[in-house]
Number of protein chains: 2
Amino acid sequence: MSEGTAPATGDAAAIADAAARERLRYLRGSIDNLDAALVHLLAERFKCTQQVGELKARHSLPPADPAREAAQIARLRTLAEDARLDPAFAEKFLNFIIDEVVRHHRAIADRSVTSGEGLPE
Amino acid sequence: MSEGTAPATGDAAAIADAAARERLRYLRGSIDNLDAALVHLLAERFKCTQQVGELKARHSLPPADPAREAAQIARLRTLAEDARLDPAFAEKFLNFIIDEVVRHHRAIADRSVTSGEGLPE
């Protein structure tokens with residue numbers, strides 16, 4: 001590389017870096033928007049599973065339901081494939097959520113047994 | 001309890017169980033809808049982070065970014081509180097996603113080094 005091209009190359013690199021930083025900011029803005037949506041959907045999902053947990057506790061149904069979980073996993077894997085999301089990750093994600101839900105359900109069932117009362121829906 | 005009221009109590013229990021099963025089906029329908037939305041948002045999020053990963057690899061930026069991650073966690077905890085989602089769970093969820101993203105970024109960086117070429121955005 002000649003001495004004469006060094007400043008131009010440096011400018012081009014600086015412009016490329018500035019463009020990359022701008023692009024990174026743009027993508028991170030989208031990620032932040034998607035995360036806000038994800039958190040709100042998760043909040044809504046736990047509102048539903050909270051009600052399921054109370055229903056199960058009142059009717060003495062087991063907190064975990066392997067048949068239902070298998071159907072959910074199969075369905076989500078198919079949806080993930082259509083959306084070009086790694087199906088293995090979709091399954092890992094659902095298991096991550098279900099673990100939390102089962103933990104909530106056990107807590108509801110324990111409270112229900114301790115108090116000897118039905119829980120409000 | 002007198003003999004005469006036993007069948008009526010049995011009917012009431014059967015009706016209550018049928019209503020509970022119907023309510024469970026209804027809630028599970030909502031959970032399935034929310035899961036489909038979550039999977040599609042996650043797919044979109046990974047499309048963004050895929051581009052971030054390629055950008056980082058091209059500009060030799062480190063795959064993980066602790067300052068950015070700390071800001072994301074603080075923001076999501078606040079959003080979670082407003083949405084009545086356990087902030088600790090929101091943080092666990094983001095860490096779960098970030099672990100997967102960093103895994104993807106490392107794979108992109110490794111491929112980039114191996115091929116000696118920039119990756120397409």
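Is Glu44(A) buried, exposed or partly exposed? Glu44(A) is partly exposed, with a relative accessible area of 35%. On this scale, buried means under 20% relative accessible area, exposed means over 50%, and partly exposed is in between (1.4 Å probe, protein chains only).

Before going on, a word on the ground rules. This is a predicted model, where local features need pLDDT of at least 70 and side-chain atom pairs count only at pLDDT 80 or more, while totals for chains, interfaces and linings use all residues. Residues are numbered from 1 along each chain as its sequence is written, chains are lettered from A and ligands numbered from 1 in the order in which they are written, and side-chain values use heavy atoms, with hydrogens and water left out.

**Chain A by itself**

Chain A has 3 helices and 0 strands, so the pattern along its sequence reads α-α-α (helices, H or I, of at least four residues and strands, E, of at least two are DSSP runs, numbered from the N terminus). Of the 121 residues in chain A, 39% are buried. Take the contacts in chain A between residues at least 6 apart in sequence: 68% of them join residues at least 24 apart. Contact here means heavy atoms within 4.5 Å.

Ala57(A) sits in helix α1 of chain A and is buried, at 16% relative accessible area. Ala57(A) and Asp110(A) are 53 residues apart in sequence, yet their C-alpha atoms are 8.7 Å apart in space.

**Where the two chains meet**

How many residues of chain A are in contact with chain B? The count is 48 residues of chain A, in contact with 48 residues of chain B. The size of an interface is often given as the accessible area lost when the parts come together. Between chain A and chain B the buried area is about 5000 Å², and carbon and sulfur atoms give 74% of it. Buried area is the accessible area (1.4 Å probe) that two parts lose on being put together, summed over both.

The rule also finds 14 residue pairs in polar contact across this interface, both residues at pLDDT 80 or more. A polar contact is a pair of N or O atoms within 3.5 Å; within protein, one must be able to donate a hydrogen and the other to accept it, and residues adjacent in sequence count only if both atoms are side-chain atoms. On the side of chain A that touches chain B, α1, α2 and α3 each supply at least two residues. The largest share, 29 residues, comes from α1(A). By kind, the residues of that side divide into 27 nonpolar, 6 polar and 15 charged (Ala, Val, Leu, Ile, Met, Phe, Trp, Tyr, Cys and Pro count as nonpolar, Asp, Glu, Lys and Arg as charged, and the others, Gly among them, as polar).

**The core**

Which residues touch the most other members of the largest nonpolar core? Leu85(A) and Leu85(B) do, in a core of 60 residues. The elements that give two or more residues to this core are α1 (6-58), α2 (66-82) and α3 (87-115) of chain A, together with α1 (6-58), α2 (66-82) and α3 (87-115) of chain B. A nonpolar core is a set of buried Ala, Val, Leu, Ile, Met, Phe, Trp, Tyr and Cys residues joined through side-chain atoms within 4.5 Å. Leaving aside neighbours within four places in sequence, Leu85(A) is in contact with Ala80(A), Ala90(A), Val39(B), Leu42(B), Ala43(B) and Phe46(B).

**Salt bridges**

A search of the whole structure turns up 16 salt bridges over all chains, and the rule finds 8 across the interface of chain A and chain B. A salt bridge is a side-chain nitrogen of Lys or Arg within 4 Å of a carboxyl oxygen of Asp or Glu. Here are some of them:

| Residue | Partner | N to O distance |
|---|---|---|
| Arg28(A) | Asp65(B) | 2.9 Å |
| Lys47(A) | Glu44(A) | 3.9 Å |
| Arg45(A) | Asp35(B) | 2.6 Å |
| Arg103(A) | Glu100(A) | 2.9 Å |

Lys47(A) and Glu44(A) both lie in helix α1 of chain A, 3 residues apart, about one turn of the helix. Asp35(B) lies in helix α1 of chain B and Arg45(A) in helix α1 of chain A, so the pair joins two chains. Both Asp35(B) and Arg45(A) are buried.

Glu100(A) and Arg103(A) share helix α3 of chain A, 3 residues apart, about one turn of the helix. Glu100(A) is buried, with a relative accessible area of 2%, whereas Arg103(A) counts as partly exposed at 48%. Salt bridges that share partners also join Lys92(A), Glu100(B) and Arg103(B) into one network.

Finally, there is Arg28(B), in helix α1 of chain B. Arg28(B) is buried, with a relative accessible area of 18%. Leaving aside neighbours within four places in sequence, Arg28(B) is in contact with Lys56(A), Asp65(A) and Arg68(A).
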